Amino acid sequence: MEVTDDPGLACPVAPVVDIVFSRWTTPILWSLNYQGRQRFVELQRRITTITPKVLTQRLRQLERDGLVARTYHPEVPPRVEYEITELGRSLAPIFAHLTGWAAEHLGEVQAARIAYDATSRPAP
C-alpha cells in the first residue's frame, strides 16, 4: 500500500466507515441481520427514533451499496420487504467484534468523559 500525506487517502477504511457507521445504518443492518426480512413499518417499529423520511433515505443508500435487498410484491395492496444481503451479512463479524469492545471498554470511555468534563473549562 502506498503511503500518502493526504488524510483522505491515508486511511483505507474511511469509505467503509462512511458507509457502515453512519447514524442509522448500524441499527438497520443489525435489525435485518437478527430479525430477518422485514417490511418498512416493521423496521420503523423496531428503530423507534428514526423518522420515515430518514429510514427511506438510508434503505435506498443501503440498497445502492449492495448491503440491503428490496423486494416489491405486486399485490393489492403492494408489499415491499427488505432483507440484508450476503455482502451486508459479511459485516456481522465486525459488529460482533465491536460489541465485545463496547462491553469491555465503554466504562473506561465514560470514566474518561467524566474526568475530562470535570477539569475542562468553557471557552470565554
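## Helix and sheet

Helix H3 lies across E1, E2 and E3 and runs at about 95 degrees to E3. Axes here are lines fitted to C-alpha atoms, for helices over the stretch in contact, with angles from 0 to 180 degrees between N-to-C directions. Helices (H or I, at least four residues) and strands (E, at least two) are DSSP runs, numbered from the N terminus.

The model is predicted: local features need pLDDT of at least 70, side-chain atom pairs count only at pLDDT 80 or more, and totals for chains, interfaces and linings use all residues. Residues are numbered from 1 along each chain as its sequence is written, and side-chain values use heavy atoms, leaving out hydrogens and water.

## Strand order

The sheet is open. Its 3 strands run in the order E1-E3-E2, with antiparallel pairing. Strand E1 (38-39) and strand E2 (68-73) are the edges; each has a single partner strand, so one side of each lacks a neighbour in the sheet. Pairing requires at least two bridges found by DSSP between two strands. E1 and E3 pair over 2 bridges. Arg39 stands opposite Glu81 in E3.

## Nonpolar core

The largest nonpolar core holds 18 residues. Such a core is a set of buried Ala, Val, Leu, Ile, Met, Phe, Trp, Tyr and Cys residues joined through side-chain atoms within 4.5 Å. Those with the most contacts inside it are Ile28, Leu29, Leu32, Leu43, Leu59, Val68 and Tyr82. Helix H3 (25-35), helix H5 (52-64) and strand E3 (79-84) each give two or more residues to this core.

Take Leu43. Setting aside neighbours within four places in sequence, Leu43 is in contact (heavy atoms within 4.5 Å) with Ile28, Ser31, Leu32, Gln38, Leu55, Leu59 and Tyr82.

## Salt-bridge network

The count comes to 5 salt bridges, each a side-chain nitrogen of Lys or Arg within 4 Å of a carboxyl oxygen of Asp or Glu. Arg37 and Glu81 meet in one at 3.9 Å, N to O. This pair links distant parts of the chain: Arg37 sits in the loop between H3 and E1, Glu81 in strand E3, 44 residues apart. Arg37 also bridges to Glu83, with the closest N and O atoms 3.4 Å apart. Glu83 is in strand E3 too, 46 residues from Arg37.

Buried means under 20% relative accessible area, exposed over 50%, partly exposed in between (1.4 Å probe, protein chains only). Glu81 is buried at 14%. Arg37 is partly exposed at 47%, and Glu83 is partly exposed at 25%.

Glu75 pairs with Arg79, the closest N and O atoms being 2.8 Å apart. Glu75 is partly exposed, at 38%. Shared partners join Arg37, Glu75, Arg79, Glu81 and Glu83 into one network.
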